[in-house]
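This briefing is meant for a reader who is new to the structure shown below.

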Amino acid sequence: MEKTKTYIEDIERTLYDIKNEDRSVYKSQSGLTEDVVRDISKQKNDPQWMLEHRLKSLEVYNSLSLPAWGPDLSELNMDNIVTYVKPDAKLSGSWDEVPEDIKNTFDRLGIPEAEQTSLAGVGAQYDSEVVYHSIQESLVKQGVIYTDMETALSEYEDIVKEYFMKLVPPKDHKFAALHGAVWSGGSFVYVPEGVKVDIPLQSYFRLNAAGAGQFEHTLIIVEKNASLHFIEGCSAPKYNVTNLHAGCVELFVKEGARLRYSTIENWSRNMMNLNTKRAIVEKDGIIEWVSGSFGSHISMLYPCSILHGENARCEFTGVTFASKGQELDTGASIIHAAPHTSANVSTRTISKAGGKATYRSAVKVTRNAPFAKCSVNCESLMLDDISRSDTLPAMDIEGDEADIGHEATIGRISDEAIFYLMCRGISEDEARAMIVRGFVEPIAKELPLEYAVEMNNLVNIELEGTIG
Amino acid sequence: MAEKIFSEIPMRTWHWLGVNEAGIEENVLLNPVKKTLEVPANSENDLTVVYKEDNYGDISIKVGENSCLKLTQVQLLPVEKDHANEVTVILAKGAHLEMAVVEAGAKKTVSKVKVVLEGNNSKADVSVLYFGDEKRHIDLNYVMEQKGRNTEANLNVYGALMDECRKVCRGTLDFQRGSKGSKGYEKEQVTVLSGKVRNSSIPIMLSGEDDVDGHHAVSIGKIDEEKMFYLMSRGLDLKESRRLIVEAAFNPVLDKIASEELRDEIDSYIKGRLGKNE
């Protein structure tokens with residue numbers, strides 16, 4: 001039987017690639033020195049403890065080396081990265097006050113429109129600063145706080161001080177330290193006890209300046225029995241120089257609370273995406289991650305869930321699509337630290353046109369976590385023989401009461417499946433399309449509608465006959 | 001004396017997991033017992049290696065075209081000794097490896113097995129049994145490199161752990177570019193019998209080829225309570241029931257060992273440990 005190949009269209013990127021002129025009012029010097037860090041801190045009117053935190057982080061950064069595993073990061077030269085770019089815009093609560101070019105960018109990305117129709121609050125960050133933030137009045141009345149990190153730092157300093165980089169300490173790894181030193185922007189969400197936020201909040205991060213870094217910090221605290229759905233979107237136009245994203249997300253899910261954290265990451269192909277995300281879940285709490293990685297040149301992203309209280313749960317759903325010139329090293333880590341905790345990890349990776357997709361995970365069950373249950377399922381689809389797909393899960397289990405399962409498959413679209421569908425009167429093209437759609441369906445159904453549409457476009461199938 | 005790195009996984013991961021490499025005291029590696037073997041084309045060969053005393057064994061085998069090798073390696077060292085073993089098998093076109101491995105003795109054992117499926121249509125079936133109790137340390141690293149077209153690799157690992165045993169099992173299926181039409185299957189099934197065991201499993205699958213079919217699965221859990229209930233309700237005591245269930249899990253590997261004498265020896269070795277008082 002002659003073998004045919006399926007060709008999957010690349011992501012339509014025109015929309016993301018529209019660049020604005022760099023009209024920043026302030027840029028730090030490129031590189032990373034104590035002066036740069038002090039300068040950023042001064043620009044941002046940090047309290048003294050934050051300046052100290054930044055300087056301490058810088059020290060840690062200088063003392064740590066690059067990870068000895070994962071993608072090669074040698075092309076990243078911090079001397080060429082501008083760590084702080086302040087756009088010519090003040091934080092505003094109305095899109096009318098946002099400068100025209102910046103507003104147009106977010107318009108094209110559909111943010112103000114989504115705000116009208118399906119979101120309870122929106123934050124928009126442009127380069128290093130948040131330019132727009134809004135939240136529905138009804139939520140404010142219930143005590144929900146949704147604002148940019150800078151405002152949070154001045155208005156809710158005590159809360160920020162209590163939680164900031166406590167879950168991801170700067171010494172965690174080199175890029176956490178870098179983040180601690182030069183962080184800027186990001187969102188702060190506080191949901192008080194018992195408040196259910198039914199409509200999602202969304203923050204969108206856009207990096208416009210070439211050769212710059214974005215280091216936003218997202219801090220979310222969901223108090224007892226409260227619930228929240230938070231959506232994060234990221235994109236940038238393509239430049240010929242390396243851009244860096246080293247954000248940090250810290251999520252605190254308290255007793256009986258529920259947090260869903262959805263991300264669609266669509267960075268341009270010159271971006272190094274070295275992001276750190278971590279959640280700590282208390283008794284009966286639930287963290288749900290939905291993570292789509294489509295963009296960037298190199299990604300290292302492994303959201304971590306620490307199941308700290310009895311019965312805490314984690315659901316992780318992820319999809320990664322690595323195409324030409326991309327090396328996407330993604331996955332998840334789960335730490336079971338209390339009895340009866342459970343986790344379910346389900347991921348799909350697709351690689352094509354020389355792209356390299358790696359699924360990497362860690363499941364750790366400590367001695368304090370009897371009756372932990374964890375099930376990991378990862379499937380990889382390869383669309384040609386010049387790409388790579390690697391799966392590297394690790395499990396470290398202590399005690400005798402855990403129930404752990406892991407399953408992974410790798411392969412191409414099977415001829416039998418095509419044959420089966422064609423026997424039922426479906427054309428070959430459609431059969432292939434159905435199979436790929438079916439492959440990502442478990443993930444697509446977890447995504448907010450507009451993102452599901454975006455992903456379906458991405459998996460826009462075109463049959464190209466035999467190649468290779 | 002210092003520890004020396006004995007084996008590494010083909011692709012590194014987080015340092016904090018402590019699974020990237022396996023080390024052993026340098027003096028264990030001082031006097032290797034080396035064995036090389038070439039199986040000529042179109043022939044069959046059996047090789048059985050039983051380690052009872054040796055610290056370090058190193059076996060290297062080439063299997064010729066359309067030949068078959070049955071390799072049995074059993075490690076039953078006394079519990080106060082450390083042990084290291086390594087096996088490399090290269091399979092030519094149409095060659096077939098049937099390998100049964102038993103890791104049941106020694107205080108600390110490190111083992112590395114590499115099977116290179118170089119020729120088209122070569123096939124490897126590797127079945128492994130390990131048993132760990134007390135404060136023993138078992139560290140395994142199996143790599144199946146699939147290079148030829150239409151190769152098939154099966155790695156089945158069965159293990160039981162009790163007391164304060166520490167075990168690391170790394171199994172890699174590596175579909176290299178050009179291994180079109182190849183299949184790989186890897187499974188590890190771990191039964192944990194008592195509370196202070198530490199168990200690490202790292203099933204790795206690497207692929208530079210799309211026209212392959214790879215699957216790996218790991219399951220880690222305690223002994224099936226329903227089976228225990230069934231046996232105990234028929235008058236068997238707890239230890240006896242447990243022993244029966246564990247032995248049944250090992251049978252797929254033990255069945256592959258041709259020598260009845262050796263099978264009995266392994267059986268009574270494990271039985272003795274399973275039956276001891278806790």
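Over all chains, a search of the whole structure finds 44 salt bridges, a salt bridge being a side-chain nitrogen of Lys or Arg within 4 Å of a carboxyl oxygen of Asp or Glu. The model is predicted, so local features need pLDDT of at least 70 and side-chain atom pairs count only at pLDDT 80 or more, whereas totals for chains, interfaces and linings use all residues; side-chain values use heavy atoms, with hydrogens and water left out. Residues are numbered from 1 along each chain as its sequence is written, and chains are lettered from A and ligands numbered from 1 in the order in which they are written.

**Salt bridge within chain A**
- A:Arg367 and A:Glu398 form a salt bridge through their side chains (3.1 Å, N to O).
- A:Arg367 lies in the loop between strand E23 (356-365) and strand E24 (373-382) of chain A and A:Glu398 in strand E25 (residues 388-398), so the pair ties together parts 31 residues apart in sequence. Strands (E, at least two residues) and helices (H or I, at least four) are DSSP runs, numbered from the N terminus.

**Aromatic pairs**
- The whole structure holds 16 aromatic pairs over all chains. Rings of Phe, Tyr and Trp (its six-membered ring) pair if their centres lie within 6.5 Å; planes under 30 degrees apart count as stacked, over 60 as edge-to-face and the rest as tilted.
- The ring centres of A:Tyr26 and A:Tyr84 are 5.8 Å apart with planes at 50°, so this pair is tilted.
- A:Tyr26 belongs to strand E2 (residues 26-27) of chain A, and A:Tyr84 to the loop between helix H3 (48-63) and strand E3 (85-86), 58 residues apart.

**Contact between chain B and chain A**
- Chain B contributes 42 residues and chain A 45 residues to the contact, which means heavy atoms within 4.5 Å.
- About 3,600 Å² is buried between the two chains, 54% of it on carbon and sulfur atoms; buried area is the accessible area (1.4 Å probe) that two parts lose on being put together, summed over both.
- B:Trp14, B:Asp210 and B:Ile220 supply 20% of the area that chain B buries against chain A, more than any other three residues.
- Five salt bridges cross the interface of chain B and chain A.
- The side chains of B:Lys222 and A:Glu401 are joined by a salt bridge (2.6 Å, N to O).

**Strand pairing across the chains**
- Strand E26 (residues 403-411) of chain A pairs with E16(B) in the antiparallel sense over eight bridges, where pairing requires that DSSP finds at least two bridges.
- Opposite A:His406 stands B:Val218 in E16(B).
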